[in-house]
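Keep the structure open and follow each stop.

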Amino acid sequence: MAESSTRPDTSGPAPDRIALRGVRGHAHHGVYAFERERGQMFRVDAVLELDTRAAAAGDDLDKTVNYAELAQQLYAVLTGEPVSLLETLAERLARVCLANALVDAVEITVHKPQAELGVPFDDVSVTIRRARA
C-alpha cells in the first residue's frame, strides 16, 4: 500500500518576494546581564512573499509593501523592548511583516555577530518562516 503524500503542491509559480536585508541597530537582547547592560549590534533580514502583479500593472505603491515604512517598523522592534532569545525577537519581527494584509508569508533572519561564544566565529543567527494561517 503506497503512502499518501502530505506535501503541498509546489508545481505552481514561485511567489513574488521583496527582500529587505541588513537592517541593523544597537539593542539589549540576550540571556546574560552583561548583554542587557551594554547591548550590541543586531541585524535583521526579511524576505516577504506576496503577489506584486496588481502593483506592477498599475505602478501603484498602495498595492504592494512600502519597504521604507517596513524598515522603520522592523527597526523599532529590533531596537525596542529587550528579549532573552533571538527566536522571540524573530517571532515579533515576523508578526510586524504579517500585519500587512498583502504579505502571505515571511522569512526572518536575526543576526547576532557580537555574541559571546568563547570561540572565534563570524555570525550566529536564527531564521524562521511564518505564513498567514
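Buried means under 20% relative accessible area, exposed means over 50%, and partly exposed lies in between. The model is predicted. With those cut-offs, take His28. His28 has a relative accessible area of 27%, so His28 counts as partly exposed. His28 sits in the loop between strand 1 and helix 1 (33-38). Which residues does His28 touch, leaving aside its neighbours within four places in sequence? The contacts are Glu35, Arg36, Glu37, Arg38, Gly39 and Pro82. Met41 is 13 residues from His28 in sequence, and their C-alpha atoms are 8.7 Å apart.

Now step back to the whole chain. The chain holds four helices and four strands. From the N terminus on, the order is β-α-β-α-α-α-β-β. The C-alpha atoms fill a box of roughly 50 × 50 × 25 Å along the principal axes. Of the 133 residues, 35% are buried. Consider the contacts between residues at least 6 apart in sequence: 59% of them join residues at least 24 apart.

Next, the interior. In soluble globular proteins, nonpolar side chains tend to be buried together. Here the largest nonpolar core has 29 residues. Those with the most contacts inside this core are Leu48, Leu70, Leu74, Cys97, Ile108 and Val110. The elements that give two or more residues to the core are strand 1 (16-27), strand 2 (40-50), helix 3 (67-78), helix 4 (86-98), strand 3 (105-111) and strand 4 (125-131). Which element gives the most? Helix 4 does, with eight residues.

Leu48 lies in strand 2. Its relative accessible area is 1%, so Leu48 is buried. Beyond four places in sequence, Leu48 is in contact with Asp16, Arg17, Ile18, Val65, Leu70, Cys97, Val103, Ala105 and Val106. Leu20 is 28 residues away from Leu48 along the chain, with 8.4 Å between the C-alpha atoms. Leaving out residues up to four places away in sequence, Leu70 touches Leu20, Leu48, Val65, Val96 and Cys97.

Cys97 leads on to helix 4. This helix has 13 residues. From first C-alpha to last, helix 4 reaches 18 Å, close to the 18 Å expected at 1.5 Å a residue. Its buried residues are Leu86, Leu89, Ala90, Leu93, Ala94, Val96, Cys97 and Leu98. What covers the buried residues of helix 4? The cover includes strand 2, helix 3, strand 3 and strand 4.

Arg92 is also in helix 4. Its relative accessibility is 27%, so Arg92 counts as partly exposed. Arg92 is in contact with Val77, Glu81 and Val83, leaving aside its neighbours within four places in sequence. Ala68 is 24 residues from Arg92 along the chain, and 18 Å separates their C-alpha atoms.

Then turn to the loops. Ala115 is in the loop between strand 3 and strand 4. Is Ala115 buried or exposed? Ala115 counts as buried, because its relative accessibility is 12%, and the cut-off for buried is under 20%. Its contacts, not counting residues up to four places away in sequence, are Gln40, Phe121 and Val124. Ala33 is 82 residues from Ala115 in sequence, and the C-alpha atoms are 13 Å apart in space.

Asp59 is in another loop, between helix 2 (53-58) and helix 3. Asp59 has a relative accessible area of 74%, so Asp59 is exposed. Asp59 is not a glycine, yet its phi is positive, at about 50°.

Last, the open space. The largest pocket holds about 200 Å³. Its lining has 13 residues. Nearest the pocket centre lie Val31, Glu35, Ser84, Leu86 and Lys112. How do the lining residues divide by type? Seven are nonpolar, three are polar and three are charged.

Technical notes
Residues numbered from 1 in each chain as written. Predicted model: local features only at pLDDT ≥ 70, side-chain atom pairs only at ≥ 80, totals over all residues. Heavy atoms only, no water. Core = buried A, V, L, I, M, F, W, Y, C linked by side-chain atoms within 4.5 Å. Buried < 20%, exposed > 50% of the residue type's maximum accessible area, 1.4 Å probe, protein only. Contact = heavy atoms within 4.5 Å. 1 Å grid on protein atoms, 1.4 Å probe; cavity = no way out; pocket = protein on both sides within 12 Å on 5 of 7 lines; lining within 4 Å. Points joined across faces, edges and corners; volume = space filled by probe spheres on them. Nonpolar A, V, L, I, M, F, W, Y, C, P; charged D, E, K, R; others polar. Expected span 1.5 Å × (residues − 1).
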